[in-house]
Amino acid sequence: EDWVKGLRDAVAAGKLTAKSRLILQMEYCTATRPSDTLRGSSAQYARVAAELSRSVASTLWEYSAQVLSNAALSHWTGAEMVSRPVRARVGACEILLSWDQQGQAYSLPIHSKLESRKWPSAESLCAALKSIMPPQYHRVKFVAESADGISTENVTVDITMKEGKDPLGLLQLPPASEEDEGQLPWRSRDELLQDGQSPLDDESISRQNSDRNEYSARTQERVSRVYTDAQGVATVVLPAGSFSIVLSGQGLQPEQLKYSIGPPDKVCLTWRDRPLDLDLIAVTPHTKICHARQREPGVAPHTGGTVSLDRDIRGGLGPETLSIRTLEHNNRMNLAQRGDKYQIHVLVHASSRDADLAGCGARIKVTSWEHVLFDEEAPEVGVGDFWSAFSLDLVSMSVRRIGRIVPSEPTFEVIPRGSSSGTAISSSGPELGAIGDLVKEP
């Protein structure tokens, strides 16, 4: 397609990089359908908009990608994006990709229903966009701490990749045997930086390390060793993956930990043929995520940046899935240092009410990059249409099991984003709506 070639050309010209800020502006028709003059369903337009938000969250999680629904990018003010509302055209389902590269704005249309008469496939568009984007790396800081007054400067941080890919070859490949020792023509990230070369420069990395290709086939594990500075902080650039981290130093007890940079954690709900319709619900510190919406026309289902829902299954069995993105590392570290939590509360609602929720065989399984965090069936006893399943803290990545069937929607305090007062509201109050008062798309 033309837009694919256009983006490839932009990447080749350096106008689109892994650090570019991506904005997908979606204009979709909000006219009431069906009507005397319009066919189809207005709900379909809202569903496509919600699907684009979910696909961007799950596929482009590594990139600074945002979706603007019936709003247009006006300009950037430093790191802040300024948008303005747009009046959607009848029949529109248009997607315009815009991005910012060092203060220069670019735009490229990637789908037009008005021209093609076809609905966009959000999943396919996001997959194509990801395949074109340059490889993404993440700057991570590890902090060494000592309660005994021992210096944490020059602490060794050994990093071993257990899962993932290193497309630019920034991590070293360890020798497969003693005879291989010293035979890798590999240059460290620090050496490249001393030469004034960026560690994220694909061409320079390939040129410096091109002779390692044959050796690369011997092992999937790649390693890196960095040292802490005077403040006890070690900084490293890593690709997405699963890593084993070992901190060691003179007078310090070696500490081993696991670290992951990966796609969103998945919450998967399955059940038997009854009840026909079970719904996943998540309450974050800032909003409630569910398939239902408030009754005002044109209002999309609740969505949130950290959590996104997949399609709504209404005929039994499932699965319904919910994606939870991990917090950015520095944000997570700041919350941990303050002793704060970032709780995601997960519920199940038997919205069809055609069978008991207790003992129905519904099962929730939560998987992360490395392992299963939670795997449990709905309780065998209890009265009500809500299963309060568990809470996940994104700071400690720990799960607190709740496991109760209750007659009314569990309520939590949330502070809406953009709230000037910072006042907490109820997750089932009038602002977000009680689940029983919300409506689902036909």
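## Sheet pairing and side-chain contacts

Strand β13 (residues 265–270) pairs with strand β19 (residues 363–367) in the antiparallel sense over 5 bridges. Strands here are DSSP runs of E with at least two residues, and helices are runs of H or I with at least four, numbered from the N terminus; two strands pair if DSSP finds at least two bridges between them. The model is predicted: local features need pLDDT of at least 70 and side-chain atom pairs count only at pLDDT 80 or more, while totals for chains, interfaces and linings use all residues. Residues are numbered from 1 along each chain as its sequence is written, and side-chain values use heavy atoms, with hydrogens and water left out.

An open sheet of 5 strands runs in the order β16-β17-β13-β19-β20, with antiparallel pairing. Because β16 (307–309) and β20 (372–377) each have a single partner strand, they stand at the edges, and one side of each is left without a neighbour in the sheet. From one strand to the next, the twist averages 15°, taken between N-to-C directions of lines fitted to C-alpha atoms, on a scale from 0 to 180 degrees.

T321 belongs to strand β17 (residues 320–324). Its relative accessible area is 17%, so T321 is buried; buried means under 20%, exposed over 50% and partly exposed in between, with a 1.4 Å probe and protein chains only. Leaving aside residues up to four places away in sequence, T321 touches V267, C268, L280, S308, L309 and D310, where contact means heavy atoms within 4.5 Å.

The salt bridges number 12, each being a side-chain nitrogen of Lys or Arg within 4 Å of a carboxyl oxygen of Asp or Glu.

| Pair | Distance |
|---|---|
| D9 and K5 | 2.9 Å |
| E409 and K288 | 2.8 Å |
| R338 and D340 | 2.9 Å |

D9 and K5 lie 4 residues apart in helix α1 (residues 2–12), and are therefore separated by about one helical turn. D9 is partly exposed at 39% relative accessibility, whereas K5 is exposed at 54%.

E409 and K288 are both buried. R338 is exposed, with a relative accessible area of 55%, and D340 is partly exposed at 32%. Salt bridges that share partners also join R363, D375 and E377 into one network.
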